[in-house]
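Open the model in your viewer and keep the selection panel at hand. This tour goes from one selection to the next and says what is there.

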Amino acid sequence: MGRHGGLKLRAKTSLFVLTAAGIAAYGSSDSADTSNFPLSFLNGVVRSSRALFTITSCVVDYKYSLHGLPVDSDEYGSTLSQIHLRSARRIQNLCDTNKGFYVKAGQFVAAARQVPREYSSTLSSLQDQAVPCNFEAVKEVIVKSLGKDISEIFLSFDEQPIAAASIAQVHRAVLKGHQQAAVKVQYPGLEYQMKFDLATMALLSRSVAWLFPEYRFKWMVSEFTKSIASELDFIQEAKNSERAANNFKNNKMVKFPFVYWDFTSKKVLTMQFCEGHKIDDLEYLKRMGINPLEVAKTLIDVFAEMIFVHGFLHGDPHPGNILVSPDRHNGFSLVILDHGIYKQLPEEFRKSYCHLWDALIRLDSQKIQQLGETFGVGKYAKYFPVIFTGRTINSKSVLGRGMSPEEKEHLRDEVKSLKMEDVSSFMESLPPEFLTILRTDGLLRSLISKLGAPQRTRLLIYAKCAFRGLSAEENSESALVFIFSSFVLDG
């Protein structure tokens, strides 16, 4: 095919992607407003065009900038890092321009432990903030959703939101019963935009995989689609919050806002207003005399219990979703917000994951490989110790102390031999529950690092909760003794 033939093919492919995205989105939307279709469709096409150009530019950059370079050469590694950075900046610009779900997608990628550091560091700067919707539109959503005027429900309702993100904004209000409330209101017309954007992302990932089979991102688009769809159902979010609150009903160190069900619908969530500051606000902690290390320990305790004991995990623990509130009895408590993204871990998966941490603590390479088969990752199970504990599978280092220079050099040589096909195969083989855990663990690592706590704190608490999750099985007590000896005697 000549140059002009190639250009024609790319032009046809682009037109197909854009049109298909619009049809897929509009056709699957039960609440599409035909009167606004031309404007909505045009807006979607413009957003999709930017996405198509950006992703194509990134893939072409990878394909041709690395062409001819030996995979095990220093030049290859240096060039690859530069391409990662260029591509991350292109995607950051795309998310900043398209806003909305693209910002959420960028944050989702940044929190994924599996992406190169250049992506996570660049995209982590994305802020899920939006220009607030005008108050009349907010009132209309509340009236349509709850069937009552604002004055019939609230004594007062602040017109200025206290927070505005990509899918909703939050207003402070006082209910007729004088309860202080936070009212989360979904933006009007959001469903169609979401379906268009997600259809574009899905079609782009399939197109990239068709053109370059080793670059497969369907797993990431699929997980993002599930998470963002669940965030739009505020009734499910309220149920998640109540279930989590019940799981921690005997824990005085963590709180979940009470849900006012009479004033909650799929698009409006009315809950108790909770005072507090973002968990990474170190100046606030210092001013209040709250020890950041104790905050970090409490945070890891809560999320480790979610993973290993309850099997019901909050999937988005970024700083804005976790507040620190002063408490007369305990000094402080954590307030967990935004319960739209949760993952129910199947019981067999939860137990297997507890057993994996048993094997990771002991560095039982045979057990790790066996569990790798259980999780469906096969030969890639040997990377579990690196991913979770910072040690190689044959490490002689003390847990929590990282790798020796020799181990780092060996791992570096091994990673050099990995191809994009290996990365794609590994990610496709992971159960979706694993992806949620990896994302959550990445966000938690970042938070405890900001709070100044060593990663050994996380490892110890994870280990304790893993064995607590297996407490009904034999040898859990002896295993706990093993853990403490690993940390205390060696540390």
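Start by selecting Arg350, Cys354, Trp357, Asp358 and Ile361 in α13; in this predicted model they meet Arg458, Leu459, Tyr462, Ala463, Ala466, Phe467 and Gly469 in α19. Colour the contact of α13 with α19 by residue class: eight residues are nonpolar, one is polar and three are charged.

Now show both helices whole, α13 as residues 347-362 and α19 as residues 455-469. Two packed helices are described by the angle between their axes and by the distance between those axes. Here the axes come within 9 Å and cross at roughly 130 degrees. Because of that angle, α13 is oblique to α19. The crossing in which α13 passes α19 is left-handed.

Next, select the cysteines. How many disulfides does a search of the whole structure find? The search finds zero. Go to cysteine 465 and draw a distance from its sulfur to the closest cysteine sulfur, which belongs to cysteine 354. The gap is 9.0 Å, too far for a bond, because a disulfide needs the two sulfur atoms within 2.5 Å. Cysteine 465 is buried, with a relative accessible area of 6%. Then select cysteine 95, which is also buried, at a relative accessible area of 3%.

Last stop: asparagine 240, in helix α10 (residues 234-247). Is asparagine 240 buried or exposed? Asparagine 240 is buried, with a relative accessible area of 6%. Leave aside its neighbours within four places in sequence, and select what asparagine 240 is in contact with: Phe312, His339, Gly340 and Tyr342.

Methods: Residues numbered from 1 in each chain as written. Predicted model: local features only at pLDDT ≥ 70, side-chain atom pairs only at ≥ 80, totals over all residues. Heavy atoms only, no water. Axes fitted to C-alpha atoms, helices over the stretch in contact; angles between N-to-C directions. Helix = DSSP H or I, 4+ residues; strand = E, 2+ residues; numbered from the N terminus. Parallel < 35°, antiparallel > 145°, perpendicular 65-115°, else oblique. Left-handed = near helix turned anticlockwise from the far one by under 90°. Contact = heavy atoms within 4.5 Å. Nonpolar A, V, L, I, M, F, W, Y, C, P; charged D, E, K, R; others polar. Buried < 20%, exposed > 50% of the residue type's maximum accessible area, 1.4 Å probe, protein only.
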